[in-house]
Amino acid sequence: MNAAQFTRRAHLALEDKQLQTALSISRDGFTAQRAAAVARLPEFDSLRDSARDIKAHTLAHLDLYLEAYEKRVTASGGIVHYARSAKDANDIVVSICRRHGAKLAVKGKTMIGEEIGVNAALEANGVDPVETDLGEYILQLRGELPSHITAPAVHLTKEQIAADFRRAHRDLPEGRDLTEASALLAEARAVLRKMFLSADIGITGANFLVAETGTSIIVTNEGNGDLAATLPKVHIVLASIEKLVPTLEDAAQLLRVLTRSATGQEISTYTTFATGPRRPGDPDGPEEYHVVLVDNGRSALLGSEFAEVLRCIRCGACMNHCPVYQSVGGHAYGSVYAGPIGAVLTPALVGIENAVDLPNASSFCGACESVCPVRIPLPKLMRFWREHAFERGLVSVRQRLALNLWGFFAKRPALYRFATRAAVRVLAKIDGEDGRLRKMPASWTASRDFPAPQGETFQAEFARRKSMGRRS
Amino acid sequence: MSARAEILADVRRALGVTGSEASRRRAVADRLEHAPQGTIPARGQLDPAERKALFRAEAERVLASVAEVASNADVAAEVATYLRRRNLPATLRAGADPYLAALPWQGLELAEGSPDGTAALSRAFGAVAESGTLVLVSGKENPTRLNFLPPTHIVVVAAGDIVGDYETIWQRLRGAYGKGAMPRTVNFISGPSRSADIGRTMQLGAHGPRELRIIIVGGK
Ligand code: SF4
């Protein structure tokens, strides 16, 4: 998969009935749950300001917070590694595994792990990486990428999952009943429990890293990442450098907006704060605690007009509220990061020439920015990418012509007024009964309706109101 | 140049700084030293009785079950009743918490060992009313694995340890472990383990416990 063929994959996704059902269920669920959680907390918007400011402050002082964080991790007996690239990060993880003769690594959910392709690197070196988040586990059995940050397997039915389990869990009785979701859950739990207890290495991501204490924080509902951090004798935390926050107080501000924005929960079932390896007298916990701090393009972003995207806390709210994402799902983006955040982040990671469709996968309705807990101006950043793409001649001839044509009219107000008035009349004529256009050229209406223009053009209306205003 | 030096240099180049500016260093040192509080929801700012009631309501909202007992002497009877009603054996896995060990466990057995398949008992460091969250810390007293491996987890918390917000927990942790230090693991636990990954319906008991029983002691 790559990010270059958004349009083609989007078409396929729109045809996929099962995907469409799954998307509508998750979309309605997530948006309603978020709205309910926000309504319950009068301080929510003030917390968003706070979250934005904390991330902005941390990014502006990132070098110093990295140093402070490293000092605390080291003081608690942990080891910090630095990786500039995906390859460097994978090499570090593989070398830790090798040193321990590891065969099996249990993994908590890690986006950066997916970004750098750590599973492939482990497999190539004889280590079996097992995803333990139930959704991720199912996808791994299927060899698929997640379609959603917080609900990776949202596009699959019970029946598909049952078939995957029969195929993968060969040592279990063939005639077993897997019709109920509870049976599937019990089976996955039992299979994965064995892996937790026998794995040599636990790999997790981090939602936040706390400079004050050298702590890594993960949030889960299943308890899987928490077990991966507790049972194996080595815990490896993979985290990109922008995960830093200064203090525990700052982490609490961000945690309050993270889960509410993601799933509408007040807090996730488990929030686990890990600081260093097992202490003297501890009956459990890893003997070694490693953190791999990954740059992979972040420091370059920090100095660019896209720096604000580094505030992202990967809550997924921008996807859940995005009409484009709601129509095509996550796979169409062809990248680990989907939705509006993917449209901004992916071109930065893989180069705009390989992802030129993504910043265009937007209706610029602004829903993403209006729900983003750290107030990232996603539409503005997408527009920057469009400009980059245009300047570098990456935009198709047709699009160029259209824009040039628009530019021609826009510079000639009288002609523009004439042309738009004519267009309004034409559109009003082909209108359906309800003021929605269901058929338009350029297949705009295949997956959405277009409101038919009612009345006059904006300019005519504006002029009329202005003169009315003068009279009163 | 090491990867560390290169990354720091890249970050500094991007920010247009050298890393030795006194004002930046002071800003960072100040924040780490004073840990300013941001916005704290009014929801948890209550007197102790209301705080306990809010904690209970929020914990039940996330599907924990809660019992309240008047004193330490009543904990064992409450645990025994719960296990009996659930048809669970009268043996509990627990760590070496002296408080738990000192309770009168007539008829119940507390044993160390793997909690795979049996109920486990822990004592919370504290709890947060704001979100119905238990706070547990690692150590031989209350091993972290007990929080995740058993199908049923019973947690005892003193009413006096229920605070309004996360920030108060940080202050108490600093008091107990020192500024800048943390226990190896701090677990915030809000309800039993769950997943909505299969069939898009929420189910309890994903990797962690299916049942979370909270016993609040005192404050009656
Ligand atoms: S961009 Fe904002 S809304 Fe989207 S995932 Fe990141 S933090 Fe959440």
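Predicted model: local features only at pLDDT ≥ 70, side-chain atom pairs only at ≥ 80, totals over all residues.
Colleague: What makes A:Glu242 and A:Arg314 a salt bridge?

Modeller: The N to O distance between their side chains is 3.4 Å. The cut-off is 4 Å, between a side-chain nitrogen of Lys or Arg and a carboxyl oxygen of Asp or Glu. The pair of A:Glu242 and A:Arg314 therefore qualifies. Side chains of opposite charge can pair when their charged atoms come close.

Colleague: How many salt bridges are counted between domain 1 and domain 2 of chain A?

Modeller: The count is 3. The rule also finds 6 residue pairs in polar contact across that interface.

Colleague: Which elements supply the domain 1 side of it?

Modeller: In chain A, α2 (17-39), α14 (317-320) and α17 (367-371) each supply at least two residues. The largest share, 7 residues, comes from α2(A). By class, the side of domain 1 that touches domain 2 has 19 nonpolar, 8 polar and 5 charged residues.

Colleague: How do you know that domains 1 and 2 of chain A are in contact?

Modeller: Contact requires heavy atoms within 4.5 Å. By that rule, 32 residues of domain 1 of chain A are in contact with 36 residues of domain 2 of chain A. The two domains bury about 3100 Å² between them. Carbon and sulfur atoms account for 60% of that area.

Colleague: Why is an area quoted for an interface?

Modeller: The size of an interface is often given as the accessible area lost when the parts come together. For chain A and chain B, the buried area is about 7200 Å². Of this, 56% comes from carbon and sulfur atoms.

Colleague: How many residues are in contact between chain A and chain B?

Modeller: 94 residues of chain A are in contact with 76 residues of chain B. The polar contact count between these chains is 48 residue pairs. The side of chain A that touches chain B divides into 43 nonpolar, 27 polar and 24 charged residues.

Colleague: How many salt bridges are there between chain A and chain B?

Modeller: The count is 17.

Colleague: What makes B:Arg24 and A:Asp63 a salt bridge?

Modeller: Their closest N and O atoms are 2.6 Å apart. The limit is 4 Å, so the pair of B:Arg24 and A:Asp63 meets the rule. The pair crosses between chains, from helix α2 (residues 22-34) of chain B to helix α4 (residues 62-75) of chain A. B:Arg12 and A:Glu67 form a salt bridge too, with closest N and O atoms 3.1 Å apart.

Colleague: How is chain B divided?

Modeller: Chain B has domain 1 (4-33) and domain 2 (46-217). The C-alpha centres of these two domains of chain B lie 41 Å apart.

Colleague: Which residues surround the ligand?

Modeller: Among them are A:Cys312, A:Arg314, A:Cys315, A:Gly316, A:Cys318 and A:Cys372. By class, the shell has 10 nonpolar, 1 polar and 1 charged residues. Gly counts as polar and Arg as charged, so A:Gly316 and A:Arg314 fall into those two classes.

Colleague: Why is the phi of A:Asn296 worth a remark?

Modeller: Most residues other than glycine have a negative phi. The phi of A:Asn296 is near 40 degrees, a positive value. A:Asn296 is in the loop between β10 (288-294) and α13 (298-302) of chain A.

Colleague: What is the phi of B:Leu63?

Modeller: About 75 degrees, positive although B:Leu63 is not a glycine. B:Leu63 lies in the loop between α3 (48-61) and β1 (65-69) of chain B.

Key: Residues numbered from 1 in each chain as written. Chains lettered and ligands numbered in written order. Heavy atoms only, no water. Buried area = accessible area lost by both parts, 1.4 Å probe. Polar contact = N/O pair within 3.5 Å; in protein donor to acceptor, adjacent residues only side chain to side chain. Helix = DSSP H or I, 4+ residues; strand = E, 2+ residues; numbered from the N terminus. Near = heavy atom within 4 Å. Domains from an automatic or database assignment.
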